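Trainee: Could you walk me through this protein? I'd like to take it piece by piece.

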Amino acid sequence: MACGIDIGGSGVKSALVDLTTGTFIGERVRIDTPEEATPEAVAGVCRQLLEQLQVGDDVPVGVALPAPIVHGTVPFMANLDKSWTGVNLTELMREHLGRPVTGLNDADAAGLAEVAFGAAKDVPGTIIVTTLGTGIGSAVIVDGTLVPNTELGHLEIDGYDAESQASAGQRTAQDLSWKKWAKRLQRYYAHVEMLFSPDLFVVGGGVSRKHEKYLPLLDLKTPIVPAQLLNTAGIVGAAYQASRTRTS
């Protein structure tokens, strides 16, 4: 068992996770992200969540954050208060939670969850998990080992930042049909395929619930499948990584 915390722009969510199945033990708890989402304010919310869940001192805790985390430190922040820049997440959480934590990027957490318990379970080789939302998040996992902090949504393709053309947010903003959006996804995934030659693509994000409208329109050498864990992936992946870090 481990505990995962998924910090988002609108809410901070947490649950205890059964690491044999990747499912929640009991209920998920959620608190709105503070309007001024400073490191101290968000860490305070994380403490409240652990108190609500009555997480024991011996339970590993993982925290997924919408930012890269390099050797524990946040180099920049787009979706929370800019004061996160330069903050050491592990030190911050240790101070506020009174325990060690494992910090990782939220897309990386979702990727690990899909490899451990979801659509990529038992698939060897290089797995690329993308989350299609307002932007495009990515996770690269090679034979179970995470290559952290990839930003494949920011690849430049045809002179544009990829996510500015191919994200689910842009499909909505530009009122693109599924067919027109699929053409943009084809260009994006074909480019990533050329760069990495992965063994499997997994597509997450809320729009993956409608995968039948666009995935069959893609023509790739690499198999591409919808994610399975969806809204639970961030919490599950954070808990899973915390457990692996504790035992390594």
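Trainee: Which residue in strand 11 is the bridge partner of Ile127?

Mentor: This is a predicted model, where local features need pLDDT of at least 70, side-chain atom pairs count only at pLDDT 80 or more, and totals for chains, interfaces and linings use all residues. Residues are numbered from 1 along each chain as its sequence is written, and side-chain values use heavy atoms, with hydrogens and water left out. Strand 6 (residues 126–132) pairs with strand 11 in the parallel sense over five bridges; strands are DSSP runs of E, at least two residues, and helices are runs of H or I, at least four, numbered from the N terminus, while pairing takes at least two DSSP bridges. In strand 11, Ile127 has as its bridge partner Leu200.

Trainee: And which residue in strand 12 does Val202 stand opposite?

Mentor: Strand 11 also pairs with strand 12 (residues 224–226), in the parallel sense over three bridges. There, Val202 stands opposite Val225.

Trainee: How many residues of strand 11 are buried?

Mentor: Buried means under 20% relative accessible area, with exposed over 50% and partly exposed in between (1.4 Å probe, protein chains only). In a regular strand, side chains alternate between the two faces of the sheet. Here both faces are covered, with Leu200, Val202 and Gly204 on one side and Phe201 and Val203 on the other. So the buried count for strand 11, residues 200–204, is five of five.

Trainee: Is Ser167 buried or exposed?

Mentor: Ser167 sits in the loop between helix 4 (163–166) and helix 5 (168–173). Not counting residues up to four places away in sequence, Ser167 touches Gly133, Thr134, Gly135, Ile136, Ala162 and Trp181, where contact means heavy atoms within 4.5 Å. Its relative accessible area is 0%, so Ser167 is buried.

Trainee: How far apart do the C-alpha centres of domain 1 and domain 2 lie?

Mentor: An automatic or database assignment sets the domain bounds. Domain 1 is 2–106 + 232–246, and domain 2 is 121–226. The distance between their C-alpha centres is 25 Å.
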